[in-house]
Amino acid sequence: MECLTYLLKVTACTVFFFGFYMLVLGKLTFFKINRFYLLATLLLSFIIPALRFEVKREMPMLETELVGMPDLKPIQPAPVQLIHPIMVEYQPEVTSKIDWVRLIPYAYGAVALLLLLICLWRLFVLLKHTGSYTKNSNGLKLITKTKGFTNCSFFNYVFINAAGLSATDLSVLLKHEQVHARQYHSIDKIILMVFKSVLWFNPIVYLYDKALEQVHEYEADEITSADYGSEAYANLLLKLAIAKSDMPLIHNFVKSPIKDRIKMLFHSKTKNMKKLMYLLALPVAVVLFWLFAVQVVYAQNIQEDKKLSKDFYKGALKGKVLDIKKEAIGLYTFYLLSEGNVYPIEATTFKEKIKVGDELIVYISAKGFNIKKTDKNGKVIAETKEPIYNATKVTTLTGSLIYEQKIENHAFLYEANKARSASSKIKTIKKDANGKIEKIVLNDGFFTINLNLQTQNIKDDNFKAGDQVLVKFIGEKLVAKNIYSTDKMIVLYSEPKKYLIKNEVLYNRFYFNDGKQKAAAIKNQPTEVAKPVTPKIISFSKITGDVQHKVSYMENAVIDIVNCRLEAGYVELDQLNGKMIAKNAVLKAKEGGSATAKIIVFNLKDGSYRAENGEGKLGVNIHDAVLEKDFLTKLNDKVEYVANDSVKMSKDRFIISLFGNARLFYKEIRLSGAKIVYNKKDNTVLVSDATMTSGDNKVKADSLFFDIKTKKAKLYGADLNR
């Protein structure tokens, strides 16, 4: 598609250049210059869109604070959630169909190739007639021909039908064709044939061909009539006007419109001063160059914002080291004087590389932090006296690196259902003799993931080396440094999601049919102490049971569990194994909120449960339903979030990434955007393509950084509508 976009830009250039020729230059009698203009602008039409230049423009940064607004009210009260939402990712089913858009480049290429072959065939037919000739004194190769294309030329080959021509007429004709040969007009004809094959869909290129042929004839007519007289030459044109030819590569003596050529013979010559009109083509070329070759890049000028807030800053400080000391907490800090302010910055890992008086450039983290030291009982025994900033990079004023914080890369992320997820590129695909995929090797530049698919019996031609893909899997093994291997791939998507390879068995284990994740327990990870729950039967329409195994079967049952009420068409209560299954169930919190599901399976030993094919937000622990309700009621300080596409967590579960119409709610503030990254550890939120709403206040920005604790936001490329 990039090739087609390029050709459309070429077409646009030809429209502007040829339009200028028709409006301004077409009536001028500077035929050689017109010929050069037509050829040059046709070539420029191909060159300009192929050029790439960037012009950087700085985008102003706007900072705003949303604090101290007691009169603001939420647009809509946040609904009480019965339980914590399950992280979900919507993955639509992909159905195979013909991609007509993808076929467009092939159709275009086939037509262009066919036209080029036709051009070569016509050239071959023309050259077949050049075998025998006689050469005259002017170097022309004369070929006598009575049928087909006659009284025409191709380079210095002239095809003549002398019947009915006097000696004078023949000399005029040869003089005319001699001009075509000496000016190499046939080269122009070949160039236009190639351009017409490449831009066959562009009507302007055919007008270029017609205009250039007309200029050729005007130039030859002008030189020939100067020797024989305009009137005699015009009579010869009328005499031979009946002859026709369909060979596009030759110059026929009377092929161009006779009326226009005769009018031009008697047209007064343009004054030389009007050659300056050709300079007007330069603004046209400059405009096209700006439109198609120059890309304006908007960059945020963060460096201009040199003022550092105590609560928020992200950027670089330039200053002098005043002091280096060891804090009671055990870390080393240095004090940097910058713009009249003093900032304590941690220097534990590089304290020996700096000294008092050094002038440094320090890149620091978004905000300062306090560090506490506690004893075994959790009692604070030491604490930093003031917030200390974390240095991510330290250099000298000349740019020499002193320290840089290492960024940890991860081979994959854990989804809420504990499946692994990684975005990478296909390095190689190995297939057997029958075309079945045996192995796919992924590499993102840091990590390699080997997907062994011998047992999955997969045939697919949609994926190829170099494709960007999203893979989900389990059972990985670290086989070498930064190299993982697994034979339990769940699904492999192209990015953007268009094609997929799916392991049906594993996919059904981790995902529903609509692509939503199924909750799963984390293995080998410390968990909280299990809290058993005891259900209290309120009513039922019918009950049967197995006394020996302590199993009860109830119809239309109502059961209280913790501070929730379960209403179900059928309930199976297994007291011996601590398990309860409810079908066609509604789970209601007594203080409000409910969730519906076809099947809910309770583990009475630890209070966990899972729900399938339900509506609403379903959680994994019955205790959370009560805790969340109390938390929302008492503190009203709950951070809630949701996204249409996917929600992903880092391995330590502190970084939550939301994709696709992402929303995050905190008290009266609502953040929304294409992507949201929520750091639970630092209580910060980064939003792309952001909208921030608080009561009647609404702010839009290209990106937004929000501090949950201070309720302060920093916006880039903001548009305020109040």
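**Figure 1. The whole chain at a glance.** Helices (H or I, at least four residues) and strands (E, at least two) are DSSP runs, numbered from the N terminus. By that rule the protein has 11 helices and 40 strands. This is a predicted model, in which local features need pLDDT of at least 70 and side-chain atom pairs count only at pLDDT 80 or more, while totals for chains, interfaces and linings use all residues. Residues are numbered from 1 along each chain as its sequence is written, and side-chain values use heavy atoms, with hydrogens and water left out. Buried means under 20% relative accessible area, exposed over 50%, and partly exposed in between (1.4 Å probe, protein chains only); 43% of the 722 residues count as buried. A contact means heavy atoms within 4.5 Å. Among contacts with a separation of 6 or more, 54% join residues 24 or more positions apart.

**Figure 2. Where to read the model with care.** pLDDT is the predictor's confidence in each residue, from 0 to 100. Its average here is 78, and 80% of the residues score at least 70. Over residues 61-94 pLDDT stays under 50, and the model has 106 contacts beyond four places in sequence for them. Residues 623-636 also stay under 50, with 29 such contacts.

**Figure 3. The largest nonpolar core.** A nonpolar core is a set of buried Ala, Val, Leu, Ile, Met, Phe, Trp, Tyr and Cys residues joined through side-chain atoms within 4.5 Å. The largest one has 38 residues, and those with the most contacts inside it are Phe17, Tyr21, Tyr37, Leu38 and Tyr208. Elements giving two or more residues to this core include helix 1 (2-25), helix 2 (31-47) and helix 6 (203-228). Helix 1 supplies the largest share, nine residues. Leaving aside residues up to four places away in sequence, Tyr208 touches Thr14, Phe17, Phe18, Leu38, Thr41, Leu42 and Leu192. Apart from this core lies another, of 25 residues, among them Ala643, Met649, Ile676 and Met692.

**Figure 4. Two tilted aromatic pairs.** Rings of Phe, Tyr and Trp (its six-membered ring) pair if their centres lie within 6.5 Å; planes under 30 degrees apart count as stacked, over 60 as edge-to-face and the rest as tilted. The count comes to 20 aromatic pairs. Phe20 and Tyr37 form a tilted pair, 6.3 Å centre to centre with 45° between the planes. Phe20 lies in helix 1 and Tyr37 in helix 2, so this pair ties together parts 17 residues apart in sequence. Phe20 is buried at a relative accessible area of 12%, and Tyr37 is buried at 6%. The Tyr641 and Tyr678 rings have centres 6.2 Å apart and planes at 55°, so they are tilted too. Tyr641 sits in strand 33 (residues 639-642) and Tyr678 in strand 36 (residues 669-679), so the pair ties together parts 37 residues apart in sequence. Both Tyr641 and Tyr678 are buried.

**Figure 5. Phe16 on helix 1.** Phe16 is found in helix 1 and is partly exposed, with a relative accessible area of 45%. Not counting residues up to four places away in sequence, Phe16 touches Val284 and Leu288. Phe16 and Ala281 are 265 residues apart in sequence, yet 9.9 Å apart in space, C-alpha to C-alpha.

**Figure 6. Lysines over tyrosine rings.** A charge sits over a ring if NZ of Lys or CZ of Arg is within 6 Å of the ring centre and within 35 degrees of the ring normal. Lys497 lies over the face of Tyr493, at 4.9 Å from the ring centre. Lys502 lies over the face of Tyr507, at 4.3 Å from the ring centre.
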